[in-house]
Amino acid sequence: MSAAHQGRMPALYLSHGAPPLADDPVWPGELAAWAAGLPRPRAILVVSAHWEEAPLALGAVRTVPLVHDFWGFPEHYYRVRYGAPGAPDLADSVRKLLRAPGIPVQDVPERGLDHGAYVPLVEMYPDADIPVLQVSMPTLDPAGLMEIGRRLAPLRDEGVLIVGSGFFTHNLAALRHSGVPAWSSEFDDWGRRALDAGDVDALLDFARTSPSGALAHPRTEHFAPLFVTLGAADATGELDRGRSVIDGFWMGLAKRSVQFG
């Protein structure tokens, strides 16, 4: 592992994009610049929209093949590799922090990083020399995910970068034409204002409090990783220290990405 960062690592929520993100003229550079401005992590813990499994599961703690969990793309996207070291020490720490009576933690050693993890990491840390551990979402309940984030928060003081990876708006079926649909821009603006105000109650109840919430997220999985990040920020009293690092839209979807700390 690289030398541990001295001090608390930020907690991130990022919109991860699909495999063609690598071909976008702007977004890869935004992710690379973001990473360059962060302290170098000792390890990275990723909670991705693309792994829902209960009980909570830890992915491979050694390097195994990626999960190319997408269909219908050109062949070269399936040839992408990201051989980051495993993170067995981080996995041990996660087990200790999350295990409690009636709350099991399971190991799934053969599961590699899915595209919600490796697509942004390829742009942020292209050398693949930082250990990465992916953790499943055992629930889509925002309050439950915030509690997981709170439990994981001490890792930030050990040089671990906690990353919730989703998409700030996500409804591929409703993308009918070019440009940004109203439901995507309305939800993005609402979410920006809620984050700026630290209005966690509104975010927790986003399906009811936000405009176009049902269209922006007909299913919760791409917004859900935000709540792990919010929990990791809440545990250290940093909910009022969030800022959007990346904004704008990609194929009509809001790519807003935020940092706490």
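I'll start with His 68, which sits in the loop between strand S3 (56-58) and helix H2 (88-98); helices (H or I, at least four residues) and strands (E, at least two) are DSSP runs numbered from the N terminus. This is a predicted model, where local features need pLDDT of at least 70 and side-chain atom pairs count only at pLDDT 80 or more, while totals for chains, interfaces and linings use all residues. Residues are numbered from 1 along each chain as its sequence is written, and side-chain values use heavy atoms, with hydrogens and water left out.

How exposed is His 68? Its relative accessible area is 23%, so His 68 is partly exposed, a class between buried (under 20%) and exposed (over 50%), with a 1.4 Å probe and protein chains only.

Now its surroundings. Leaving aside residues up to four places away in sequence, His 68 touches Tyr 77, Tyr 78, Val 80, Arg 81 and Tyr 118; contact means heavy atoms within 4.5 Å. For two of these, a backbone oxygen lies by a polar atom of the His 68 side chain: that of Tyr 78 at 3.4 Å and that of Val 80 at 3.2 Å. Along the chain, Pro 55 is 13 residues from His 68, and the two C-alpha atoms are separated by 23 Å.

Last, the largest cavity. Arg 62, Thr 63, Val 64, Leu 113 and Val 132 lie nearest its centre, out of 15 lining residues. A cavity is a set of points on a 1 Å grid over the protein atoms alone where a 1.4 Å probe fits but cannot get out, and lining residues have an atom within 4 Å of a point.

Key:
A polar contact is a pair of N or O atoms within 3.5 Å; within protein, one must be able to donate a hydrogen and the other to accept it, and residues adjacent in sequence count only if both atoms are side-chain atoms. On a 1 Å grid over the protein atoms alone, a cavity is a set of points where a 1.4 Å probe fits but cannot get out, and a pocket is an open set with protein on both sides within 12 Å along at least five of seven lines; lining residues have an atom within 4 Å of a point.
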